[in-house]
Amino acid sequence: MMNPDDLKSLSDLVPESTKEELLNPPAHAVGQGFGGLLYWILHPLIKLGIRSQAEVEAYQKSFEEKANNIDVENYDPSKIGLAYSTLQSSADRLDSDLLRDMFAQLLTNTLDKTKNTTISPKFKSVLANISNDEANLLNFLASNKNFIKLDSRTLIFTKK
């Protein structure tokens with residue numbers, strides 16, 4: 001049996017990123033796998049010059065970072081069809097950092113069973129059809145907890 005102090009010394013030698021990969025490979029695989037699907041869907045748009053490589057890579061990175069925060073036991077593929085259609089809907093909105101991030105968060109929440117019960121297919125349509133100014137307003141209202149509460153099931157703003 002190894003001495004606990006030796007284990008601690010050995011653990012200190014291993015980089016944190018390696019420990020995270022070792023302890024959480026399924027979540028990383030989800031992020032990488034869907035991130036690869038994202039790139040596959042959007043790659044034709046890059047070839048046609050409709051989207052830039054940088055936009056797609058930024059979207060993929062944003063999604064993968066968020067997906068890596070899903071606990072493995074909370075990963076839920078039951079709404080994979082909705083996630084796929086959300087991915088498709090996001091293709092036209094990659095020119096906005098905020099909308100790209102909002103789509104990445106929606107996509108991640110669709111795969112998380114602690115959050116996907118309140119997600120409606122309408123959410124992707126709303127994001128696909130709002131302007132950058134409207135996205136900024138929605139982001140402000142949703143993040144300002146003292147002013148309003150966003151009911152995620154109905155997208156209705158109510159005063160607290």
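How exposed is Asp101, in terms of relative accessible area? Asp101 is partly exposed, at 33%, where buried means under 20% relative accessible area, exposed over 50% and partly exposed in between (1.4 Å probe, protein chains only).

## Basis of the report

This is a predicted model, in which local features need pLDDT of at least 70 and side-chain atom pairs count only at pLDDT 80 or more, while totals for chains, interfaces and linings use all residues. Residues are numbered from 1 along each chain as its sequence is written, and side-chain values use heavy atoms, with hydrogens and water left out.

## Salt bridges

Four salt bridges are found in a search of the whole structure, each defined as a side-chain nitrogen of Lys or Arg within 4 Å of a carboxyl oxygen of Asp or Glu. One of them joins Lys66 to Asp101, with an N to O distance of 2.7 Å. This pair links distant parts of the chain, 35 residues apart: Lys66 lies in helix α4 (residues 53–67) and Asp101 in helix α6 (residues 97–110). Helices are DSSP runs of H or I with at least four residues, numbered from the N terminus. Lys66 counts as buried, at 18% relative accessibility.

Arg100 and Asp97 form another salt bridge, at 2.0 Å from N to O. The two residues are three apart in helix α6 and are therefore separated by about one helical turn. Arg100 is buried at 9% relative accessibility, whereas Asp97 is exposed at 56%. A further salt bridge connects Arg51 with Glu55 (3.1 Å, N to O), and both of these residues are buried.

## Nonpolar core

The largest nonpolar core contains 29 residues; such a core is a set of buried Ala, Val, Leu, Ile, Met, Phe, Trp, Tyr and Cys residues joined through side-chain atoms within 4.5 Å. Residues with the most contacts inside this core include Leu38, Tyr59, Phe63 and Met102. Two or more residues come from each of α3 (25–47), α4, α5 (80–90), α6, α7 (121–129) and α8 (132–143). The greatest contribution is that of α6, with seven residues.

## Packing of α5 and α7

The axes of α5 and α7, lines fitted to C-alpha atoms over the stretch in contact, come within 10 Å and cross at roughly 5 degrees. Angles run from 0 to 180 degrees between N-to-C directions. The two helices are therefore roughly parallel, a term for angles under 35 degrees.

In this contact (heavy atoms within 4.5 Å), Leu82, Ser85, Thr86 and Ser89 of α5 meet Pro121, Lys124 and Ala128 of α7.

Key
Angles under 35 degrees count as roughly parallel, over 145 as roughly antiparallel, 65 to 115 as roughly perpendicular and the rest as oblique.
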